[in-house]
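Work through the exercises below with the model open. Try each task before reading its solution.

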Amino acid sequence: MVQIQRSQPLYEQLMWRIKSQVASGVLNIGDKLPSVREMALIEGLNPNTVAKAYKALEQQQVIATVAGKGTFIRGNDGFVTDERLLASIRQQLAEAVIDAKRAAISRAQLHQWLDASYGEDRGEERHGHDLSH
Amino acid sequence: MTLVIENISKKIQQQDVLKNVSFELNTGEIVGLVGRNGSGKTTLFDTIAGELLPDFGRIGLDGLDYIKTIRLHEQLFYVDMPENWLRYYSPRKIKAILKLAYPNFDEQWYDAEIKRFGLNNSKRIRTYSKGMRALFMIIVSFASRAQYVFLDEPLDGLDVLIRDQVKQLIVNQVTSHQTTVLIASHNLVDLDTLVDRVLLLKNHTIDRTFAIEENKNIRKYQLAYSGEVLPTFLRDSGTIIAQTGHVVTIVFNDFTEALGIKLAGQDFKFIEELPIGSEDVFRASFAEEAHVWQQELEGTK
């Protein structure tokens, strides 16, 4: 699994861990996440930090909270509506491409890396994410 | 349901122990009460629980006066630590007594937990080891099914494994029963993974209330300075966590570009950014002086 190098706020690190677990199939749609307090204990974080991460993940529609039942991994409705998330992904990709050009890395090589990170796992099961929509 | 502490003052032998203490506790919250030894934490607990009478002030629950309204007393569980009546009884006996005082006493859960942790049901609590006593205190407190549970130094002097079990128990119970918990501790960092906010008891009153908030500008560095003495701007703008010789571990609570430029200067032989831990964020949420105590405490251990 790729490790994030940048020094990120703790809640973003937690968000990223959960997202990558969803992407790699460790967590599946409908799986229940530990409660905020349980997660705080497990991850060694303050409950406020976990709550912040959960709230942001909810906004990005990665998870959903059902009152009285708990927090669950959400199904993907086919396309993500969070414009900010889309913009941030595009931005990061653009940055990566600029760096790649400077390092004289070929387009083909980049494509290959992209495919590799996307994973052979369940790549085709996921509905095509058309980023250019 | 909110427990409202309003302007509590208490003198003991003409000495102010509490002066105008006010705060509120809301349903399902875990709140830390932090203060140095002798700052009045236990007196505050005793006063809220009605074991001591305040000279001044009021404790309100459901809009009623908690101390005067006997039927509300089953809504709060607290026993003095470490000396208390429980020590002289066995868990079986304690259950029989508490069932009278707490009509919602959760017998089934109590018995199951006693069994799960292998606590001897017919031995007096005083014969228990420190760790077992700590676990028992948590079990008995939550078994009361009181809405408010006060715990006085529940993690003090416990090894890591018991500490985790105690924390786990608290979290599970609060999650499933929405209990409101007030935890007194002289150790800030112990509370990090548990509490929603912290009340700081100082100079006989609640000095500050902290919610642990993540500030994006917190940065942690390890660096080695080249001169004879520590560059003064470090102490002014950051909290030094550790220092061995010229090597310093420092947390900047509000990192600025100007600081970054200074750090890149010739004053330093070596500099490396370290990942921020929850403890760092927690510490950064407190005033400088709170950190000073922590160091004093660590120094005296």
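**Exercise 1.** Which domains does the domain assignment give for chain B?

*Solution.* This is a predicted model: local features need pLDDT of at least 70, side-chain atom pairs count only at pLDDT 80 or more, and totals for chains, interfaces and linings use all residues. Residues are numbered from 1 along each chain as its sequence is written, and chains are lettered from A and ligands numbered from 1 in the order in which they are written. Chain B has domain 1 (2–211) and domain 2 (219–284). The bounds come from an automatic or database domain assignment. Next, take the C-alpha centres of domain 1 and domain 2 of chain B: they lie 39 Å apart.

**Exercise 2.** Is B:Ser144 buried or exposed?

*Solution.* Locate B:Ser144 in the loop between helix H4 (130–143) and strand E7 (148–152) of chain B. Helices (H or I, at least four residues) and strands (E, at least two) are DSSP runs, numbered from the N terminus. Apply the cut-offs: buried means 20 or more other C-beta atoms within 10 Å of the residue's own, exposed 12 or fewer, partly exposed in between, with C-beta atoms placed from the backbone. B:Ser144 has 24 C-beta neighbours inside 10 Å, so B:Ser144 counts as buried.

**Exercise 3.** Find the order of the six strands in the open sheet of chain B.

*Solution.* The order is E6-E7-E8-E3-E9-E10, with mixed pairing. Strands pair if DSSP finds at least two bridges between them. Strand E6 (76–77) and strand E10 (205–211) of chain B each have a single partner strand, so one side of each lacks a neighbour in the sheet. Now go inside: E7(B) runs parallel to strand E8 (180–185) of chain B, joined by five bridges. B:Phe150 has B:Leu182 in E8(B) as its bridge partner.
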